[in-house]
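Reader: I am new to this structure and would like a close look at a single part of it. Please take the disulfides and go through them in one connected answer.

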Amino acid sequence: MWEEAVGELEQEGEQEKKRAGTMLQWRTIPWLCALLLGLMGLPTSGSDFQHHQYEDMVRALFAVQSECPYITRLYSIGRSVEGRHLYVLEFSDNPGIHEALEPEFKYIGNMHGNEVLGRELLIKLSQFLCEEYRAGNQRITRLIHDTRIHILPSMNPDGYEVAARQGPELNGYLVGRGNAREIDLNRNFPDLNALLYYYEKNNGRNHHLPLPDNWELQVEPETLAVIKWMQNYNFVLSANLHGGAVVANYPFDKSRDPRIRGRNTYAATPDDKIFRQLARTYSYAHSWMHKGWNCGDFFNEGITNGASWYSLSKGMQDFNYLYTNCFEITLELSCDKFPSESALPREWLANREALVSYLEQVHHGIKGMVYDENNNPISKAEISVAGISHDMTTGVDGDYFRLLLPGTYTVKASAPGYLPSSNTVTVGPAEAIQLHFYLKKAPKQSLKGKHHHGKKNISVHKASLKLGPR
């Protein structure tokens, strides 16, 4: 499916560009955001604030790719139920290539079709990154040179079209939320929380949990495309943009225990402290999220644990944490799910710094390579940190990334057939510390694979019936 999608994109690319041709006439205008940055007269690539239906979004993405061809790549990860491409715009100094020790980051918008601000912010962010890179903005240039950034403005283009037909004034709370089959995509990922909670009680595996049998037949095309995407890229950090509230929501979304006397219970991950810091990074960089009172609700510091707010099963952010190396939070960005076009400039200014600051967090903690005695990289080696029961694995190039708060940690690398190796490292508040490992072959009598036992699919829970913003 992956190769087919890329092949179709290449074949359709020229057709899309021709359709977009009339939109690609550049002009230079003063831009409020640029003025605030002290930069004037940047080409805007059609960056006026507006809502983008599918064809408009495609034109906008192709326009950015055409304006910044050497630092961008536009590709499709698959199609929606109705056949619309799920387009991703990549920013990198070497588009299409994973460079060892360069972290991969993703933003996903419009998972719920009627929650549209994230879609517009990510289109705007794409234009902004291109424009600021061309203008020589050192912060943006460094970010693009040191990071591989993937932006998926719309995970649910079919749902968006349903919501857009009603428009901002008449849009109902649920109209267009689901995909073309009216399935809520944030209740559609395999439920790995139930398996983890079982393993926690039985000393089982704490990362990269196995998927249930026939899982591909149990998810929607959009969900399948995103899971395949995760399998093909070793993402380190991510955020999923929603609407209907204003708060930075972090895992776990699913509670370990049933509600106690009507109260929801906090479901902490082993990385609760770093997740709280990631959520605070966005909240405090946002113009008003950190103030707490928004949309009639109060969230201290503008952040919340998902299950503490309300429990939901089969959500995307929990799946990221339990199936991949990626840490993801859910950003609720507007009280109004479908704000008017006149509100978009204010929302962009409120979120611009937060979007960039959060992206920069991918460069904290530790990173490194795992080699054998002959300096050959070892893929799928496990990286464990003492005191944190959640391990990482190396990518195909033997590199790993481990988000950590400042402090001193004992880190161990291990792989089947090799003797484990441990090191102590002190992490500061700045760039990630590089920590490499060189593993020696284990003596033959010690070659015992590390086995993890446990049922593949302990239980299947019905999706939460509460249809809140997430």
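**The disulfides**

Author: Cys295 and Cys335 form a disulfide, with 2.0 Å between their sulfur atoms; a disulfide here is a pair of cysteine sulfur atoms within 2.5 Å. This is a predicted model, in which local features need pLDDT of at least 70 and side-chain atom pairs count only at pLDDT 80 or more, while totals for chains, interfaces and linings use all residues. Residues are numbered from 1 along each chain as its sequence is written, and side-chain values use heavy atoms, with hydrogens and water left out.

The link of Cys295 and Cys335 is left-handed, with -85 degrees about the S-S bond. Cys295 lies in the loop between strand S7 (293-294) and strand S8 (297-298), and Cys335 in the loop between strand S10 (327-334) and helix H12 (344-360), so the pair ties together parts 40 residues apart in sequence. Helices (H or I, at least four residues) and strands (E, at least two) are DSSP runs, numbered from the N terminus. Cys295 is partly exposed at 33% relative accessibility, and Cys335 is partly exposed at 44%. Buried means under 20% relative accessible area, exposed over 50%, and partly exposed in between (1.4 Å probe, protein chains only).

A search of the whole structure finds two disulfides. Cys68 is also joined to a partner, Cys130, with an S to S distance of 1.9 Å. Cys68 sits in the loop between helix H3 (54-67) and strand S1 (72-79), and Cys130 in helix H4 (residues 117-134), so this pair links distant parts of the chain, 62 residues apart. The torsion about the S-S bond of Cys68 and Cys130 is about 90 degrees, so that disulfide is right-handed. Both Cys68 and Cys130 are buried.
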